[in-house]
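The sequence and the model come first.

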Amino acid sequence: VDLPKLRPDQITFNTLLKCCENAKDITSAMKVLEKMQDLYDTGALKDGPDRISYNAVLSTHLQSGDPNNLRKAEALLYQIPQPDVSMYAAVLNKYAENAMAHEAEELVQQMHDLHEVGKLKRGPNLSAYESVLRALAHSKEWDAPERARKILDNMVELGSDGNPGLKPNVTHYNQVLATYRQEGMLRESLELLLQMYDLHEKGDLTDGPDMASFACVMEMLAQRGGEDAPKRAEILLKKMLHLFASGSKNVQPDAEIRKSFLQCFEKNGKLSEGT
């Protein structure tokens with residue numbers, strides 16, 4: 001074997017990057033990627049970093065859960081010659097898990113802008129928006145409900161304006177309900193739930209409202225519903241039973257729903273009326 005003629009190739013570097021990923025070694029991963037790029041730029045490496053290379057480095061950053069490393073992962077996206085939506089989705093998902101709402105919102109806007117100028121093949125999809133709403137629901141920021149509702153309304157507008165693939169589904173609505181619950185916004189939660197019900201009845205929201213939708217609002221009613229909580233709880237329960245009887249099998253009242261329902265009556269001294 002002529003050892004001096006042996007040279008690392010793309011596969012060699014990608015194997016090293018995979019080892020860095022498995023070891024969660026961000027520093028080494030970046031050094032390997034930079035060396036790979038330098039050798040390619042000088043002609044010493046036939047094939048430079050590819051999708052496998054960048055995915056390995058991205059994954060190494062995303063595994064840490066450190067907000068600074070997540071931001072570095074986003075910065076890496078802008079160095080990739082032809083990033084795809086799945087790479088952005090991976091970063092968005094971590095932003096959501098770590099309640100980094102502002103970063104998630106800005107990244108989705110970047111996706112939209114890059115798509116508009118032809119630098120990203122596809123713009124934000126339903127999954128991307130769901131990640132942003134999830135980040136807002138976990139963030140507990142005082143203006144999260146307003147920002148979440150704005151995103152939801154924008155999706156509705158986009159879905160009605162020739163982009164049916166961006167029409168929000170029950171998951172998006174439920175994330176907005178979750179932001180309302182964080183801030184104790186009962187009135188807004190009731191209004192949104194009833195809006196979801198009306199959309200379903202008109203065929204515009206086929207997958208909801210579901211059990212999670214009703215459970216979120218019923219729980220809020222039980223906690224802070226006031227004197228009219230029993231009446232509102234009865235209305236919600238009737239709507240659940242109507243949906244279930246109409247074929248929506250994911251809204252059959254369970255033990256938790258019944259518990260919240262009875263609490264609405266118990267707190268108003270009307271437990272016998274709820275049983």
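Three helices, α7 (126-139), α8 (144-160) and α9 (170-182), each supply at least two residues of the lining of the largest cavity. Helices here are DSSP runs (H or I, at least four residues), numbered from the N terminus. The model is predicted, so local features need pLDDT of at least 70 and side-chain atom pairs count only at pLDDT 80 or more, while totals for chains, interfaces and linings use all residues. Residues are numbered from 1 along each chain as its sequence is written, and side-chain values use heavy atoms, with hydrogens and water left out.

**Cavity and pocket**

Both kinds of space are found on a 1 Å grid over the protein atoms alone: a cavity is a set of points where a 1.4 Å probe fits but cannot get out, a pocket is an open set with protein on both sides within 12 Å along at least five of seven lines, and lining residues have an atom within 4 Å of a point. Grid points are joined across faces, edges and corners, and a volume is the space filled by probe spheres set on the points.

The count comes to 1 cavity of 30 Å³ or more. The largest cavity holds about 30 Å³ of space. Its lining consists of Leu136, Ala137, Lys140, Glu141, Ala144, Pro145, Thr179, Gln182 and Glu183. By class this lining has 4 nonpolar, 2 polar and 3 charged residues, where Ala, Val, Leu, Ile, Met, Phe, Trp, Tyr, Cys and Pro count as nonpolar, Asp, Glu, Lys and Arg as charged, and the others, Gly among them, as polar.

The largest pocket holds about 390 Å³. Of the 16 residues that line the largest pocket, Val108, Gln109, Tyr129, Asn154 and Leu158 lie nearest its centre. At least two lining residues come from each of α6 (101-116), α7 and α8. The pocket lining divides into 7 nonpolar, 6 polar and 3 charged residues.

**Helix packing**

Two packed helices are described by the angle between their axes and the distance between the axes. Axes are lines fitted to C-alpha atoms, for helices over the stretch in contact, and angles run from 0 to 180 degrees between N-to-C directions.

| Pair | Angle | Axis distance |
|---|---|---|
| α1 (residues 10-23) and α3 (residues 51-62) | about 15° | 9 Å |
| α3 and α5 (residues 85-97) | about 0° | 11 Å |
| α10 (residues 186-201) and α11 (residues 211-224) | roughly 150° | within 10 Å |

Angles under 35 degrees count as roughly parallel, over 145 as roughly antiparallel, 65 to 115 as roughly perpendicular and the rest as oblique. The angle of α3 and α5 is about 0°, and α3 is therefore roughly parallel to α5. That contact (heavy atoms within 4.5 Å) joins Arg51, Tyr54, Asn55, Leu58 and Leu62 of α3 to Ser86, Met87, Ala90, Val91 and Lys94 of α5. Its residues comprise 6 nonpolar, 2 polar and 2 charged.

α1 and α3 are likewise roughly parallel. Asn14, Leu17, Cys20 and Glu21 of α1 meet Ile52, Ser53, Ala56, Val57, Ser59 and Thr60 of α3.

α10 and α11 are roughly antiparallel. Residues in this contact include Leu190 and Leu193 of α10 and Phe214 and Val217 of α11. The contact has 8 nonpolar, 2 polar and 1 charged residues.

**Backbone**

Most residues other than glycine have a negative phi, and most peptide bonds are trans. Ala99, not a glycine, has a positive phi of about 55° and is found in the loop between α5 and α6. The peptide bond from Gly208 to Pro209 is cis, with omega near 0°. Pro209 is placed in the loop between α10 and α11.
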